[in-house]
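The exercises below go from single residues to the whole chain, each with a worked solution.

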Amino acid sequence: MMNIAILSAAVLVGALLIWPRLSNAPVWRATITPLASIIGSGFLVLGPILDVSYGGYAPLVMLGLCAIAYSFGAAIRFNIGDIDARPAPSRLLLGLERASSVVLAFAFIVSVAYYLNLFGAFGVSLTTLDDAYHANLLTTAVFLLILFAGMTRGFSALERMEQVSVGLKLSIIAGLLLGLAVHFGQVTGQGALKFDPPQVTGWAGVTLMAGLIVTVQGFETSRYLRQAYDAPLRIKSMRLAQWISTAIYCLYIGLLTYAFDADPLSLDETAIIELMQVVAPILPLLLVVAALSAQFSAAIADTNGSGGLIAETTRGVVTEKSAYVLLVGIGILLTWMANIFEIISYASRAFALYYALQSGIAAIRASQRPHSWQTVGFAILALLGAAVAVFGTPVE
């Protein structure tokens with residue numbers, strides 16, 4: 001019965017997402033790109049990490065992560081509006097923007113490694129080859145596929161998967177949330193809700209939280225949709241995407257935290273699969289499908305983005321094809337030399353540095369306006385982003 005209910009919820013949400021009145025609405029089309037980036041692969045890995053590390057305080061940590069992301073989003077939204085109003089920046093701002101692009105390109109490189117390592121882990125999770133070695137082999141094979149596609153201009157064919165995978169991912173998440181809500185209700189009825197003590201506290205808890213920023217990143221993609229949408233729509237859609245993702249993340253973590261035992265020994269990148277077997281037999285398979293489609297499409301998008309940014313910032317000295325070779329080389333190296341939690345931390349720190357630079361740019365732009373109280377706020381955000389980049393640590 002639960003399987004039918006979960007499938008029905010997924011189908012209904014899928015039907016809603018392809019409803020022409022919604023799918024063709026400009027504000028929704030502008031929202032779906034940052035929303036899909038935010039609720040990406042991090043959604044599946046984040047729940048067990050927060051539950052095991054922070055125990056009953058996990059929902060508060062999730063709310064804190066979303067608040068930090070929303071604050072960085074505010075700085076980027078300010079830049080979108082100010083660039084639209086005053087397109088001619090100073091030499092200092094041009095230099096900071098170029099540095100920001102370089103950092104973002106590097107962040108994309110690490111995030112592709114993150115996406116594809118999750119792809120490898122989930123890809124073997126329901127097979128007899130469920131171990132790190134075979135997961136790394138699968139990840140390496142997909143990296144080589146992406147390199148082949150990039151070198152032969154085959155990305156356009158692979159990119160057609162992105163729109164389909166976004167709807168599929170959000171539909172499956174709807175089914176997951178329904179299953180979790182029913183399970184939470186059952187555990188509540190039995191009087192068996194749990195408030196587990198945190199395993200990570202103090203400064204270690206703060207730095208671990210900093211190392212998880214990448215799981216709520218993606219909102220910055222709105223800034224780079226200038227060719228498709230005007231500034232007011234990009235600002236509105238980014239804000240909407242962050243509100244929707246915050247609601248989904250907080251509901252997910254709240255339902256997960258108190259209805260399951262936090263077991264540090266079972267914490268790995270596919271821990272959510274084992275947990276969801278308790279809720280409904282169909283959920284593990286659906287989550288693997290969602291993970292594979294999400295990771296692959298996100299990897300394609302970030303590979304394209306990184307190649308374009310590197311070519312642009314080096315003014316053609318490094319071509320897009322050369323950038324793809326660099327990306328794949330670094331990605332394969334990370335795959336075999338670091339675990340997924342270390343890669344998550346590296347990606348978080350790279351994106352935090354990008355957010356620090358964007359916040360610094362916002363502070364400078366705000367200071368050029370009369371009586372702008374935002375200057376101090378953006379300057380504090382720049383310092384916060386720099387601190388996250390320095391002190392963020394991986395899950396152990």
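Before starting, one cut-off: a residue is called buried when its relative accessible area is under 20%, and exposed when that area is over 50%. Keep in mind too that this is a predicted model.

**Exercise 1. Classify D82 and its partner R365 as buried or exposed, and say what their salt bridge ties together.**

Step 1: start with D82. Its relative accessibility is 0%, so D82 counts as buried.

Step 2: check the distance. The rule asks for a Lys or Arg side-chain nitrogen within 4 Å of an Asp or Glu carboxyl oxygen. The R365 and D82 side chains meet at 2.9 Å, N to O.

Step 3: R365 belongs to helix α14 (residues 340-367) and D82 to helix α5 (residues 58-85), so the bridge ties together parts 283 residues apart in sequence.

As background, side chains of opposite charge can pair when their charged atoms come close.

**Exercise 2. How many salt bridges does the structure hold, and which residue does E97 pair with?**

Step 1: the count for the structure is two.

Step 2: E97 pairs with R223, and their closest N and O atoms are 2.6 Å apart.

Step 3: locate the two residues. E97 is in helix α6 (residues 91-124), while R223 is in the loop between α9 (202-210) and α10 (231-257), so to speak a link between distant parts of the chain, 126 residues apart.

Step 4: look at the surroundings. E97 and R223 are both buried.

**Exercise 3. Repeat the span test for α10 and find which residue caps its N-terminal end.**

Step 1: the cap is D230. One of its side-chain oxygens lies 3.0 Å from the backbone nitrogen of L233.

**Exercise 4. What does the side chain of K169 reach, and is K169 buried or exposed?**

Step 1: find K169 in helix α8 (residues 155-189).

Step 2: apply the cut-off. At 7% relative accessibility, K169 counts as buried.

Step 3: trace the side chain. It reaches the backbone oxygen of I39 at 3.1 Å.

**Exercise 5. Which residues form the nonpolar surface patch, and which helix gives the largest share?**

Step 1: list the members. They are Y133, L137, L333, W336 and M337, with about 560 Å² of accessible area together.

Step 2: assign them to elements. Two or more residues come from each of α7 (132-151) and α13 (320-337); Y133, for one, is in α7.

**Exercise 6. Which radius of gyration would a compact globule of 396 residues have, and what does the chain have?**

Step 1: the globule rule gives a value near 21 Å.

Step 2: the chain has 21 Å, which agrees.

Step 3: Along its principal axes, the C-alpha trace spans about 65 × 50 × 45 Å.

Step 4: The chain has 15 helices and zero strands, and 54% of its 396 residues count as buried.

Step 5: take two C-alpha separations. V110 and I282 are 172 residues apart in sequence and 32 Å apart in space. For D51 and D302, 251 residues apart along the chain, the separation is 29 Å.

Note on methods: Residues numbered from 1 in each chain as written. Predicted model: local features only at pLDDT ≥ 70, side-chain atom pairs only at ≥ 80, totals over all residues. Heavy atoms only, no water. Patch = residues over 30% accessible without salt bridge, like charges linked within 9 Å, V, L, I, M, F, W, Y side chains within 5 Å. Areas by Shrake-Rupley, 256 points an atom, 1.4 Å probe, with all protein chains shown as cover. Helix = DSSP H or I, 4+ residues; strand = E, 2+ residues; numbered from the N terminus. Buried < 20%, exposed > 50% of the residue type's maximum accessible area, 1.4 Å probe, protein only. Expected span 1.5 Å × (residues − 1). Polar contact = N/O pair within 3.5 Å; in protein donor to acceptor, adjacent residues only side chain to side chain. Rg over C-alpha atoms; globule rule 2.2 N^0.38 Å.
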